[in-house]
Amino acid sequence: MSGLAGLLAGRIEPGVYRWHAESAAADLTESVAVAGWSLAQIREVAETKADVLGAIGTALGFPSHFGRNLDALWDSLRDLSAPTVLLWETWGAAAYADRAGFDKILGVLRDRAAEISEDRPAFTVLLRGDGPETDLAELG
């Protein structure tokens with residue numbers, strides 16, 4: 001077992017991964033739901049840190065008072081109530097436009113993915129699509 005199936009089965013650690021699978025959105029939604037996870041998707045192009053934070057907040061259904069800063073992102077990610085996959089298909093635009101801002105957001109996403117407990121369900125980010133080189137592992 002490898003890739004997304006392994007992740008959803010708990011055999012691969014949650015994290016932030018590059019992902020090149022061509023799964024259709026409907027198939028992906030069904031696979032994630034059957035495993036008891038939620039799927040959130042960022043499809044809109046966001047290039048500034050504030051726009052990316054807004055896109056993440058929208059995708060994950062954060063409350064309207066979400067502050068669009070890194071502290072608010074961290075707090076809101078810690079409030080997720082179900083295992084969640086965040087599929088970010090337009091990440092490359094943000095990484096090319098504002099690499100420093102992108103890296104800061106990625107750091108928060110990585111920290112939250114590493115935090116799992118009874119109170120903190122699993123959280124994983126899949127970066128699909130073109131973008132600059134990263135040090136992220138590939139999810140096969």
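1. Helix 6 lies across strand 1, strand 3 and strand 4. Its direction runs at about 140° to strand 4. Axes here are lines fitted to C-alpha atoms, for helices over the stretch in contact, and angles run from 0 to 180 degrees between N-to-C directions. Contact means heavy atoms within 4.5 Å. Helices (H or I, at least four residues) and strands (E, at least two) are DSSP runs, numbered from the N terminus.

2. A note on the basis. This is a predicted model, in which local features need pLDDT of at least 70, side-chain atom pairs count only at pLDDT 80 or more, and totals for chains, interfaces and linings use all residues. Residues are numbered from 1 along each chain as its sequence is written, and side-chain values use heavy atoms, with hydrogens and water left out.

3. The length of helix 6 checks out. The helix covers residues 99-114, and its 16 residues should span 22 Å at 1.5 Å a residue. The expected span is 1.5 Å times one less than the number of residues. The end C-alpha atoms are 22 Å apart, which agrees.

4. Which residues of helix 6 are buried? They are Gly-101, Phe-102, Ile-105, Leu-106, Val-108, Leu-109, Arg-112 and Ala-113. They cover an arc of only 160° around the axis, which puts them on the same side of helix 6. The arc is that of the directions from the helix axis to the C-beta atoms. Buried means under 20% relative accessible area, exposed over 50%, partly exposed in between (1.4 Å probe, protein chains only). An α-helix has 3.6 residues a turn, so residues three or four places apart point the same way.

5. The face of helix 6 turned away from the buried side carries exposed Ala-100 and Ala-114. The buried residues of helix 6 pack against several elements, including helix 3 (49-60), helix 4 (70-78) and helix 5 (91-97).

6. The sheet is open, with 5 strands in the order 2-3-4-1-5 and parallel pairing. Strand 2 and strand 5 (137-138) stand at the edges, each with a single partner strand, so one side of each is left without a neighbour in the sheet. Strands pair if DSSP finds at least two bridges between them. Helix 2 (residues 25-34) packs on the sheet and touches strand 2 and strand 3. Its direction makes about 145° with that of strand 2.

7. Strand 3 is mostly covered, with 5 of its 5 residues buried. Thr-84, Leu-86 and Trp-88 point one way, Val-85 and Leu-87 the other. Strand 3 pairs with strand 2 (residues 38-42) in the parallel sense over 5 bridges. Ile-42 has Trp-88 as its bridge partner. Another 5 bridges join strand 3 to strand 4, also parallel. There, Thr-84 stands opposite Phe-123.

8. Strand 1 and strand 4 run parallel, joined by 3 bridges. The partner of Tyr-17 in strand 4 is Leu-126.

9. Aromatic pairs number 3. Rings of Phe, Tyr and Trp (its six-membered ring) pair if their centres lie within 6.5 Å; planes under 30 degrees apart count as stacked, over 60 as edge-to-face and the rest as tilted. Trp-88 and Phe-102 form a tilted pair, 5.6 Å centre to centre with 50° between the planes. This pair links strand 3 to helix 6, 14 residues apart. Trp-88 counts as buried at 2% relative accessibility, and Phe-102 at 3%. Trp-88, Trp-91 and Phe-102 form one aromatic cluster.
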